[in-house]
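User: Hello! I am new to this structure and would like to go through it step by step. Could you show it to me?

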Amino acid sequence: MCMYQVALFLVAVFQGCLADCGSSSACWDDDLRLAKLEALVEHLQTQVSDLTAAKVKTEAELKITQDMARTAVAGCSKTWTLKRTQIVFPNLEKIALHQQTPTYVERMPTPLPNNTRAVIVQVFCN
């Protein structure tokens, strides 16, 4: 906005100085510079209005996102438990892994609760 005010001030000063100078080439040069300044001011006005609209849109999106985050945090139960289960898979006990990359798929022998959020698997090798 400040740049816009400065540009308008400059336009007003130039208009006062250039009152009516006839058909001299200096006057035409000044008129040309004034026209360029007016075009620049118009362009800057457009940019300011576009940035203002974008700012309003961004602030609205931020408010909606913050409200959604607050709702999600309020809806979560803050009590959780960590359960550790040690399972030995007999068919994986005697595997030689030297320069091999085998893939084994095993079913979890324990039922998982419906509200399970994560499963951490740790493999221990002797």
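User: What share of the contacts with a separation of 6 or more in the protein chain is between residues 24 or more positions apart?

Analyst: This is a predicted model, in which local features need pLDDT of at least 70 and side-chain atom pairs count only at pLDDT 80 or more, while totals for chains, interfaces and linings use all residues. Residues are numbered from 1 along each chain as its sequence is written, and side-chain values use heavy atoms, with hydrogens and water left out. A contact means heavy atoms within 4.5 Å. Among contacts with a separation of 6 or more, the share from residues 24 or more positions apart is 33%.

User: How many helices and strands does the protein chain have?

Analyst: Both are DSSP runs numbered from the N terminus: helices are H or I with at least four residues, strands are E with at least two. By that rule, the protein chain has 2 helices and 0 strands.

User: How far apart are the end C-alpha atoms of helix α2?

Analyst: Helix α2 covers residues 25-75, which is 51 residues. The expected span of a helix is 1.5 Å times one less than its number of residues, so α2 should span 75 Å. The model agrees, with its end C-alpha atoms separated by 75 Å.

User: Which residues of α2 are buried?

Analyst: Buried means under 20% relative accessible area, exposed over 50%, and partly exposed in between (1.4 Å probe, protein chains only). Of the 126 residues in the protein chain, 6% are buried. In α2, the buried residues are Cys27, Leu34, Val41 and Leu44.

User: Which residue forms a salt bridge with glutamate 59?

Analyst: A salt bridge is a side-chain nitrogen of Lys or Arg within 4 Å of a carboxyl oxygen of Asp or Glu. Glutamate 59 is partly exposed at 44% relative accessible area, and its closest N and O atoms to the partner are 3.9 Å apart.
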